[in-house]
Amino acid sequence: MMKKHNFYAGPSILNQGVIKNAADAVMNFAGTGLSVLEVSHRGKEFTAVIEEAAQLFKELLDIPEGYEVIFLGGGASLQFYMVPLNLMHKKAAYINTGTWATNAIKQAGYVSKVFGGEVEVLASSEDKNFTYIPKNFVIPEDVDYFHYTSNNTIYGSEIRKDFDCKARLVCDMSSDIFSRPVDISKYDLIYGGAQKNLAPAGVTFVIVKKDALGRFERPIPTMLDYNTHIKKESMFNTPPVFPIYVALQTLKWYKELGGLKVLEKRNLDKAELLYNEIDRNKLFRGTVATEDRSIMNVCFVMNDEYKELEAEFATFAAERGMIGIKGHRSVGGFRASLYNALEMDSVKALVDAMKEFESKH
């Protein structure tokens, strides 16, 4: 069977060893004679899993004292609402760099209408279809928090730095968590869906500084209060058991590899190889400002004079095992997601296909 090169943007590729461990646990989890799909989340075997997963989060990301790691459902989309519900009192600041940032701003607006407070959009790149990261905006000191989306999965731009600001910092890191070292001490809250760099869809991680919570009184539904889940150690309701188990296997793999600096080097090398080919190849061009290119999601299109070859290249690449390279409908063209589990061999195979297609035409 032909090797498949999985470039899906999410749910996305997982390490083969992680999949093997997960498959084994589906048949027999921790020697219990039961599947991980059917065990109690209160049992000692799974309690050990969720505790170890939280501990590896803290170890790999070098999370300081005073922070908690919790595992929730609802995806990043629920966090768009939970963040302002828990943290916004008078004013929150956002930058708009893509679809998910737009949605986060919208949900914060709903909270402001019900509870008061102001949502300020400091900058946006919507004027050029989110093909760049806004620059030279000023983060006010008097806001409750400043929120941004670090990686824009659809448009292929990324903020690969930790902002220095006096405001509390909140970030959606759904699609680039564990792709580089992060100075967690600069943030009050980081969240993300796990289905890019961590686990199958179904679990959401939240890293939250405890003193960021409870700073003002507000009637928050129990299920939407971060303190609820901190106090119950992610066990207030039945957690997504299987995705958390797979997340633990991924975290163990990251540790075995050598941690975030090793992962970052792997990712930079993969991205460099593909971007170099896009820039060299006469048929293709990138869609994002060079300085803002994502190392997780590489977006590119056919040059205008070769637009009619787009469908042909899609078929050509698929015949060589490329899966999931179709660009999002709002951008078109192609998107190759280079998440942590994608090996360099897959990137080389895509580059070879691009070269071969160029020579053909």
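How many residue pairs are in polar contact between domain 1 and domain 2, counting pairs with both residues at pLDDT 80 or more? The count is 14 residue pairs, and the views below, all taken from a predicted model, begin with the two domains concerned.

**View 1. The protein chain is divided into two domains, domain 1 (16-257) and domain 2 (259-359).** Taken over C-alpha atoms, the centres of domain 1 and domain 2 are separated by 27 Å. Where the domains meet, 28 residues of domain 1 are in contact with 29 residues of domain 2, and the two domains bury about 2300 Å² between them, with 55% of that area on carbon and sulfur atoms.

**View 2. Three salt bridges are counted between domain 1 and domain 2.** On the side of domain 1 that touches domain 2, β7 (157-158) and α6 (241-257) each supply at least two residues, and the largest share, four residues, comes from α6.

**View 3. K135 and D292 form a salt bridge.** In this pair, the closest N and O atoms of K135 and D292 are 2.8 Å apart.

**View 4. R42 lies in the loop between α1 (16-27) and α2 (44-60).** An unreviewed UniProt entry lists R42 under "binding site". R42 counts as exposed because its relative accessibility is 54%, and exposed residues are those with a value over 50%. When residues up to four places away in sequence are not counted, R42 touches T47 and M235.

Definitions and conventions:
Residues are numbered from 1 along each chain as its sequence is written. This is a predicted model: local features need pLDDT of at least 70, side-chain atom pairs count only at pLDDT 80 or more; totals for chains, interfaces and linings use all residues. Side-chain values use heavy atoms; hydrogens and water are left out. UniProt positions are given in the numbering used here, feature names are shortened, and annotations may be inferred rather than shown by experiment. Buried means under 20% relative accessible area, exposed over 50%, partly exposed in between (1.4 Å probe, protein chains only). Contact means heavy atoms within 4.5 Å. Domain bounds come from an automatic or database domain assignment. Buried area is the accessible area (1.4 Å probe) that two parts lose on being put together, summed over both. A salt bridge is a side-chain nitrogen of Lys or Arg within 4 Å of a carboxyl oxygen of Asp or Glu. A polar contact is a pair of N or O atoms within 3.5 Å; within protein, one must be able to donate a hydrogen and the other to accept it, and residues adjacent in sequence count only if both atoms are side-chain atoms.
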